[in-house]
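I opened the model to look up its aromatic rings. My entries follow in the order I made them.

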Amino acid sequence: MIIGVNVLFFLAVSLFPSLYAYLGLSVIRCVGYHFWWQPVTYMFVHAGFSHILLNMLGILMFGLAVERAIGSKEFLLFYFLCGILDGVISLAFYFFSGFHYVNLVGASGALYSILLIFAVLFPKSIIRIYGIIPVPAPLLVLGYAVIELGSHLRGGGNVAHLTHLTGFAIAWLYLVIRMGLHPITIWKNAWFD
């Protein structure tokens with residue numbers, strides 16, 4: 001369903017490009033013009049075909065396994081809570097730091113949340129980068145976190161690194177608070193005990 005809604009939004013924005021400004025998340029429009037729906041709708045708007053393709057591929061590959069493990073209702077709660085809080089926290093950061101012209105779009109923050117919960121639920125899983133290089137799921141998540149933190153601190157281009165990091169952080173809190181799962185303990189038990 002999530003992939004279907006993303007595709008519908010992508011087609012709508014492709015047909016009516018002005019929707020991008022109404023549905024993407026920006027400080028000026030959300031706070032200044034009271035477009036309060038944007039912390040929800042930004043997750044379904046993408047900046048191009050490769051953007052939506054990669055995000056939907058990630059949601060399909062990792063989200064399907066997570067949904068089967070925790071159930072559809074829990075998955076939807078997790079997905080929307082993480083995605084919306086990613087947007088709200090990013091919005092607050094951009095507001096208070098003066099970056100009022102940032103336009104945040106895409107499901108990447110929620111996808112990073114899915115990556116973390118996948119690595120916790122399936123800690124022995126091996127992900128093959130480019131279909132070749134085998135990397136344990138927890139190591140992949142930690143590697144992405146380091147890359148995103150470094151990119152954020154360097155001011156890495158037109159990518160919302162903060163939103164990706166927030167996706168990890170909110171998923172971590174969700175796992176600990178709601179599910180009683182402690183990622184470090186699970187990874188340690190899976191790989192070192």
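I looked for ring clusters and found Phe9, Phe44, Phe75, Tyr79 and Phe80 in one aromatic cluster. I worked on a predicted model, in which local features need pLDDT of at least 70, side-chain atom pairs count only at pLDDT 80 or more, and totals for chains, interfaces and linings use all residues. Residues are numbered from 1 along each chain as its sequence is written, and side-chain values use heavy atoms, with hydrogens and water left out.

I searched the whole structure for aromatic pairs and got 15. Rings of Phe, Tyr and Trp (its six-membered ring) pair if their centres lie within 6.5 Å; planes under 30 degrees apart count as stacked, over 60 as edge-to-face and the rest as tilted. I noted Tyr33 and Phe35 as a tilted pair, because their planes stand at 40°, with the centres 6.2 Å apart.

I then checked Phe93 and Tyr94, which make an edge-to-face pair with 5.6 Å between centres and 70° between planes.

Tyr33 is exposed at 56%, while Phe35 is buried at 15%. Phe93 is partly exposed at 32%, and Tyr94 is buried at 12%.

Last, I looked for a charge over a ring (NZ of Lys or CZ of Arg within 6 Å of the ring centre and within 35 degrees of the ring normal). I found the charged end of Lys124 over the ring of Trp191, 4.5 Å from its centre.

Technical notes. Buried means under 20% relative accessible area, exposed over 50%, partly exposed in between (1.4 Å probe, protein chains only).
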